[in-house]
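Biologist: Please take a close look at one part of this predicted model. I would like a connected account of a single contact and the residues that make it.

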Amino acid sequence: MQPRRPEFPPTQFITTSMELAELCDRLAKEPFVTVDTEFMRERTYWPELCVVQLGGANDIAVVDTQAEGLDLQPLGHLLANPAVMKVFHAARQDVEIFLLRFGAVPTPMFDTQVAAMVAGYGDQASYDSLARGLANAQIDKAHRFSDWSARPLSPAQVNYAAADVTHLRVIYERLVAQLKRENRLEWVADEMDALMDPSGYVTAPDSAWERLRPRTTNRKFLGILQAIAAWREREAQRVNIPRQRLVKDETLLEIAATTPGNVAELARARGISEGFAKGKSGASLLAAIAEAKKLPEDALPVPKEERRGPGASPALVALLKVLLAAKSEEAQVAPKLLANSEDLDRLATEENPDIPALSGWRRTVFGEAALALKGGKLALGVDGRKVKLIPSA
């Protein structure tokens, strides 16, 4: 939806290097800039940047990053400017794109979705809901699934893109004001440190197999799966197609179980064509399988369950989940920001695990109570419609 209130500046559609440089020069003088992107990755492994939106006090701009001859370097300088806060909503994918394009994450940055979680707006507050609740704005969703790589962009697409950074300014200012009143800005800062860590955006091929969640502890099977999942990651990057389009998850699991040793055997796997099996990708996949078969026992991956020892007591994990819900309700903060299911499993099985829930503000809000519950120093009861925490003698 195109902003209609008179205090919003008209949208600029940027297609030349001079326009972008002048815009970034102006924005570099502001305390904060709102940022968003439109991209495509349905057909590629690497995201294809199509549009960048930038919002300042006197500028709302939609940058056509695919315009011929456009030099994006001024944008890179703005994103790296330590004097300008870069404000995103649900920043992770945008940050990944800028890291790939400029070799660095934007800094400093603020994510309004994370801030909304800290401020009590739920686990994953959408931009639409925050725009309605904090900026009194209604977002037109008609162009959410546009093909942003197609040119020319329509005026409606440009207006839709502009709204994503216009209302974000109001959302940011109101969230910051609330978090200051509640002394919670530091909580958001902790989350931003993690978001600005470049290592969080790197997919390690050798750990890609863990995403497949194999239901076995057979280490030889896992060794093959690790090798071919790593192969798929590198091959998908090389040919720049989505990993699932190269080889589907279920096909990888079947190949790990059958361990084909030649083209004919590989071509019999579900989802593998004869042409693929005979081609360059098929040859490199067979080579990866052959190498994995040679791995000695001590080089095979160890299932997570074995690494952690005996499993957690389901009853204790259930109690910790109730405590987590109670403490998040009391503090008006999203539960997933305090602890995830893996954290709860580790709390139930390890004496003092190295997890975020036991450090900083999370320890104050939830971690200390979790340790007390596990140590028999805290009990759970019910008071009317709420869970009640009862200190034990």
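**The contact between domain 1 and domain 2**

Modeller: In this predicted model, the centres of domain 1 and domain 2, taken over C-alpha atoms, are 37 Å apart. Six residues of domain 1 and eight residues of domain 2 take part in the contact. The chain as a whole is divided into domain 1 (11-200), domain 2 (205-294) and domain 3 (314-391); the contact described here is the one between domain 1 and domain 2.

The size of an interface is often given as the accessible area lost when the parts come together. Between domain 1 and domain 2 the buried area is about 610 Å², and carbon and sulfur atoms give 50% of it. On the side of domain 1, Arg43, Tyr45 and Trp46 supply 78% of the area buried against domain 2, more than any other three residues.

By class, the domain 1 side that touches domain 2 has two nonpolar, one polar and three charged residues. Polar contacts are present: six residue pairs, with both residues at pLDDT 80 or more, are in polar contact between domain 1 and domain 2.

Two of the residues named above also pair with each other. The whole structure has eight aromatic pairs, and one of them joins Tyr45 and Trp46 edge-to-face, at 4.8 Å centre to centre with 80° between the planes. Tyr45 has 9% relative accessibility, which is under 20%, so Tyr45 counts as buried. Trp46 has a relative accessible area of 33%, between the 20% and 50% cut-offs, and is therefore partly exposed. Trp231 and Phe276 also form an aromatic pair: their ring centres are 6.4 Å apart and their planes are at 90°, so this pair is edge-to-face.

Key:
Residues are numbered from 1 along each chain as its sequence is written. This is a predicted model: local features need pLDDT of at least 70, side-chain atom pairs count only at pLDDT 80 or more; totals for chains, interfaces and linings use all residues. Side-chain values use heavy atoms; hydrogens and water are left out. Domain bounds come from an automatic or database domain assignment. Contact means heavy atoms within 4.5 Å. Buried area is the accessible area (1.4 Å probe) that two parts lose on being put together, summed over both. A polar contact is a pair of N or O atoms within 3.5 Å; within protein, one must be able to donate a hydrogen and the other to accept it, and residues adjacent in sequence count only if both atoms are side-chain atoms. Ala, Val, Leu, Ile, Met, Phe, Trp, Tyr, Cys and Pro count as nonpolar, Asp, Glu, Lys and Arg as charged, and the others, Gly among them, as polar. Rings of Phe, Tyr and Trp (its six-membered ring) pair if their centres lie within 6.5 Å; planes under 30 degrees apart count as stacked, over 60 as edge-to-face and the rest as tilted. Buried means under 20% relative accessible area, exposed over 50%, partly exposed in between (1.4 Å probe, protein chains only).
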